[in-house]
Amino acid sequence: MERTLNVSPKVKAGTNRSLLDRIFRLSENNTNIRTELLAGVTTFLTMAYILIVNPIFLGKEAGMGIGSVFVATAIASAIGSLLMGLLANYPIALAPGMGLNAYFTFTVVLGMKVPWQTALGAVFLSGLIFFILTLTKVREAIINAIPSGLKLAVSTGIGLFIAFIGFKNAGIIVADPQGTYVTLTHDLSKPEILLTILGLVVTLFFMIKKVQGGIFYGMIITAIVGWIFGIVKTPTAIFSAPPSVAPTFLQLDIMGALNMGLLTIVFSFLFVDLFDNIGTLVGVMNQAGFLKDNKIPRASRALFADSIATMAGSLFGTSTVTSYIESSAGVAAGGRTGLTAIFTSLLFIVALFFYPLVEAVAGVSAITSPALIIVGILMAASIKDIEWKQLDEAVPAFLTMLMMPLTFSIATGISVGFVIYPLVKIFAGKAKEVHPIMYVLGILFVLRFIFL
């Protein structure tokens with residue numbers, strides 16, 4: 001199929017196409033504008049759910065305002081994807097990360113009672129530190145120091161945490177303070193719960209059938225059924241001018257985030273973003289055939305795009321921006337260059353004018369809960385690569401992923417893993433195998449538990 005889509009030398013002779021060909025190296029990557037456009041649309045559809053989920057997490061739950069967070073999400077995604085396409089020439093799109101937005105909302109703002117303005121300041125600082133680490137190559141030392149088992153456990157734990165939030169928001173899992181702390185609701189017949197179950201079934205059908213954009217289509221169908229039965233309010237319009245971003249624009253409190261008690265929050269944003277990006281880059285680049293000697297060419301440029309987008313996103317009013325694994329759908333559709341990311345970026349700008357649809361479904365958790373559960377399942381896939389037969393690897397990994405949903409805190413899960421890992425390695429007589437950085441981080445997290 002790719003041969004039929006390739007642009008012939010005569011067709012490429014046009015001024016515009018030859019310019020794009022030179023900038024994005026289309027010919028060298030055996031692709032063309034049409035294929036890159038299709039890949040960009042495919043990538044956008046697979047990750048468009050963030051335009052609904054993020055405003056609900058930050059706008060509704062954290063109290064930042066649904067409209068302003070929607071605009072901030074679209075703009076930050078557009079900036080990140082554009083930078084990725086121009087700086088690194090990779091077919092990878094960026095947006096506020098799932099897990100990172102959950103940490104921002106449920107752990108930092110709701111759990112620790114940190115004002116969202118201060119949390120945005122922490123996001124900005126994490127992006128700035130990420131930028132400096134990338135510039136100075138320290139990033140590589142940190143990444144190499146942290147064992148693969150903990151990296152996999154963090155991803156899995158965030159998946160479990162997100163799925164738990166999905167079940168909780170839907171009202172399927174409820175509090176049970178008198179017995180088991182949490183339990184299955186005693187009334188599954190509530191309209192919103194039934195709509196959630198329907199949405200989950202429909203989305204699973206699309207995902208198992210490998211329909212590109214299955215999560216997004218599942219949300220759309222769930223919303224339509226909700227409108228039919230009066231669970232979701234009918235939108236007043238389809239198109240409109242974007243809402244104002246003024247309530248969150250430049251509202252971040254950087255000085256407040258520099259408080260000693262919040263440095264762990266900054267580190268958690270930084271840590272999760274580091275490995276979210278590396279994992280996504282390795283996965284997508286491997287799929288596209290770009291890995292060379294197990295290394296990612298132009299990796300620093302890709303990470304620059306992420307760090308700059310994170311800082312820009314915090315200025316507009318959204319949580320950490322990161323590379324999306326859903327970009328693999330665009331690669332599967334033939335995307336091979338940054339032009340794919342550019343097209344995805346443009347679609348995020350177009351999405352700004354569809355706010356009435358988002359506003360109509362923003363108050364209904366049944367629309368987003370199935371997406372959270374599915375994304376959680378996908379993130380938990382890395383659990384299979386943990387070395388479960390080695391207790392000194394299995395114990396810290398298990399506790400890391402388990403403590404995230406149990407404590408309702410990604411940071412706590414990370415902290416426990418970093419404290420336990422060097423300890424069990426010492427017990428196993430493998431103290432020399434632990435990188436010195438891990439001992440330093442372990443001590444820092446012990447101090448966190450004692451003093452913070």
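**Helix packing and buried sites in a predicted model**

The structure is a predicted model, in which local features need pLDDT of at least 70 and side-chain atom pairs count only at pLDDT 80 or more, while totals for chains, interfaces and linings use all residues. Residues are numbered from 1 along each chain as its sequence is written, and side-chain values use heavy atoms, with hydrogens and water left out. Helices (H or I, at least four residues) and strands (E, at least two) are DSSP runs, numbered from the N terminus.

With a relative accessible area of 5%, Thr107 is buried (buried means under 20% relative accessible area, exposed over 50%, and partly exposed in between, with a 1.4 Å probe and protein chains only). Setting aside neighbours within four places in sequence, Thr107 is in contact with Ala102, Met112, Phe161, Phe408, Ser409 and Ile410; contact here means heavy atoms within 4.5 Å.

Axes are lines fitted to C-alpha atoms, for helices over the stretch in contact, and angles run from 0 to 180 degrees between N-to-C directions. Ala102, Phe106 and Thr107 of helix 6 make the contact with Phe161, Ile165 and Asn169 of helix 9.

Helix 9 (residues 148-170) has another partner in helix 18 (residues 365-379): their axes come within 7 Å and cross at roughly 160°. Helix 9 is therefore roughly antiparallel to helix 18. On the helix 9 side, the residues that meet helix 18 include Ser155, Gly159, Ile162, Ala163 and Gly166. Among those they meet in helix 18 are Ser365, Ser369, Leu372 and Gly376.

A look at the strands brings a hairpin into view, formed by strand 2 and strand 3 with 4 residues between them. Strand 2 (residues 173-176) and strand 3 (residues 181-184) run antiparallel and are joined by 4 bridges; two strands pair if DSSP finds at least two bridges between them.

Ala93 is found between helix 5 (66-88) and strand 1 (94-96), and Ala93 counts as buried because its relative accessibility is 1%. Beyond neighbours within four places in sequence, the contacts of Ala93 include Thr43, Met47, Ser81, Tyr324 and Thr344. Ala93 and Gly330 are 237 residues apart in sequence, yet their C-alpha atoms are 9.3 Å apart in space. Arg336, in the loop between helix 15 (327-332) and helix 16 (338-351), is likewise buried, with a relative accessible area of 17%. The C-alpha atoms of Arg336 and Arg25 are separated by 9.5 Å, although these residues are 311 residues apart along the chain.

Stepping back to the whole protein, there are 21 helices and 4 strands. Of its 452 residues, 54% count as buried. Among contacts between residues at least 6 apart in sequence, 80% join residues at least 24 apart.

Methods:
Angles under 35 degrees count as roughly parallel, over 145 as roughly antiparallel, 65 to 115 as roughly perpendicular and the rest as oblique.
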